[in-house]
Amino acid sequence: MSLLHLSFYSAFTLSSLGLAFHRTHLISALLCLESMMLSLYVALSTWPIENQTTSPTLMPVLMLAFSACEAGTGLAMLVASTRTHGSDHLHNLNLLQC
C-alpha cells in the first residue's frame, strides 16, 4: 500500500470516527461528513492517474455534485434547527417529540 492510499484511508477513517464519537453539535457532524466526501473525491480523482487510463471518468464530478447538495441540505437543516430549537445540539433534535 502506498503512502497516498494510506492517507486516503486514514482521512476517511478519522472522519468517520469523528462522526461516530463527536456528535454533540450538528455542525461538527456536517464537517465530518464533508471531510469523508472530500477524501472520497480525492481518491476517485486520482484513481485514473494511478491506473494509467486516458479516458476521464465522470464519477468524481458526480461525487462533487452530490457533496454540494448534501452540504446545502445540511446547512438548511442547521439553520432550521437553530431557529426552532435555539441551538445546534443534537440531543435537542428528537424525532419522537415532533
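This is a predicted model: local features need pLDDT of at least 70, side-chain atom pairs count only at pLDDT 80 or more; totals for chains, interfaces and linings use all residues.

Reader: How many residues does H2 have, and what should they span?

Author: Helices are DSSP runs of H or I, at least four residues, and strands are runs of E, at least two, numbered from the N terminus. The expected span of a helix is 1.5 Å times one less than its number of residues. H2 has 25 residues, so it should span 36 Å. Its end C-alpha atoms are 36 Å apart, which agrees.

Reader: What does the check give for helix H3?

Author: H3 covers residues 59-85. Its 27 residues should span 39 Å, and its end C-alpha atoms are 38 Å apart, which agrees. After H3 comes Gly86, with a positive phi near 90°.

Reader: Which residues of H2 are buried?

Author: Buried means under 20% relative accessible area, exposed means over 50%, and partly exposed is in between (1.4 Å probe, protein chains only). In H2, the buried residues include Leu26, Cys32, Met36 and Pro48. H1 and H3 are among what covers the buried residues of H2. In H3, Pro60, Ser67 and Gly74 are among the buried residues. Their cover includes helix H2 (26-50).

Reader: Is Ser15 buried or exposed?

Author: Ser15 lies in helix H1 (residues 3-21). Ser15 has a relative accessible area of 5%, so it counts as buried. Contact means heavy atoms within 4.5 Å. Leaving aside neighbours within four places in sequence, Ser15 is in contact with Cys32, Ser35 and Met36. A polar atom of the Ser15 side chain also lies 3.0 Å from the backbone oxygen of Ala11.

Reader: What does Glu34 touch?

Author: Glu34 is in helix H2. At 25% relative accessibility, Glu34 is partly exposed. Glu34 touches Ser67, Glu70 and Ala71, not counting residues up to four places away in sequence. Glu34 and Ser15 are 19 residues apart in sequence, and their C-alpha atoms are 8.7 Å apart in space.

Reader: What is Pro48 in contact with?

Author: Pro48 also belongs to helix H2. Its relative accessibility is 11%, so Pro48 counts as buried. Beyond neighbours within four places in sequence, Pro48 is in contact with Thr53 and Thr57.

Reader: Which residues line the largest pocket?

Author: Start with the idea. Rolling a probe the size of a water molecule over the atoms shows where empty space is left. On a 1 Å grid over the protein atoms alone, a pocket is an open set of points where a 1.4 Å probe fits, with protein on both sides within 12 Å along at least five of seven lines; lining residues have an atom within 4 Å of a point. Here the lining is His5, Phe8, Tyr9, Phe12, Ser39, Leu40, Ala43, Thr46, Trp47 and Glu50. H1 and H2 are the elements that give two or more residues to that lining. The largest share, six residues, comes from H2.

Key:
Residues are numbered from 1 along each chain as its sequence is written. Side-chain values use heavy atoms; hydrogens and water are left out. A polar contact is a pair of N or O atoms within 3.5 Å; within protein, one must be able to donate a hydrogen and the other to accept it, and residues adjacent in sequence count only if both atoms are side-chain atoms.
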